[in-house]
Amino acid sequence: MNDSILWEPKEFQKSFLYQFAASLSRVSVSNPESYWDIYRWSIQNRNEFWRRWIEYSQIPVMGDLTKVYEEGIDFKSTKWFPEAQINFAECILKPLLFSEDKSKVCIYFCREDGNLQEITQAEVLERVQRL
């Protein structure tokens with residue numbers, strides 16, 4: 001396994017993840033700047049972590065968030081927020097429709113061959129329109 005970092009944000013303190021982590025300092029994460037502290041806390045407090053994530057991210061959810069998951073026999077069969085519904089297309093595409101600068105990269109990914117890729121907001125919208 002290769003432990004090299006594939007990508008890092010240019011301004012991590014302005015990232016959504018950093019801001020979410022900083023909000024956790026008001027609960028019981030001792031050092032929200034430490035990935036491992038957040039990771040440990042998220043494993044030990046799975047329900048609270050995911051409920052806070054949904055609330056902080058302002059994902060439009062319909063239904064009850066009280067029950068975070070129903071554990072299955074493996075990860076694939078676990079049901080997350082079984083009493084709630086999320087429209088993923090709305091969550092992903094709505095912010096792009098109202099974005100002022102559609103040339104911004106919104107997806108970074110690494111293909112299996114190691115090739116790093118970027119997709120702009122405009123490219124995402126164009127690909128969706130082709131469907």
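This is a predicted model: local features need pLDDT of at least 70, side-chain atom pairs count only at pLDDT 80 or more; totals for chains, interfaces and linings use all residues.
Residues are numbered from 1 along each chain as its sequence is written, and side-chain values use heavy atoms, with hydrogens and water left out.

Helix H3 (46–57), H4 and E5 are the elements that give two or more residues to the lining of this pocket, and H4 brings the largest share, 5 residues.

Now for Ser99, which sits in the loop between helix H4 (88–97) and strand E5 (105–110). Ser99 has 18% relative accessibility, so it counts as buried (under 20% relative accessible area; exposed is over 50% and partly exposed in between, with a 1.4 Å probe and protein chains only). Its side chain makes a polar contact with the side chain of Gln121 at 2.6 Å (a pair of N or O atoms within 3.5 Å; within protein, one must be able to donate a hydrogen and the other to accept it, and residues adjacent in sequence count only if both atoms are side-chain atoms).

What about disulfides, meaning pairs of cysteine sulfur atoms within 2.5 Å? The whole structure has 0 of them. Cys91 is in none, and the nearest cysteine sulfur, that of Cys106, is 14 Å away. Cys91 is partly exposed because its relative accessibility is 22%, and Cys106, at 32%, is partly exposed too.

Note on methods
A disulfide is a pair of cysteine sulfur atoms within 2.5 Å. Helices (H or I, at least four residues) and strands (E, at least two) are DSSP runs, numbered from the N terminus.
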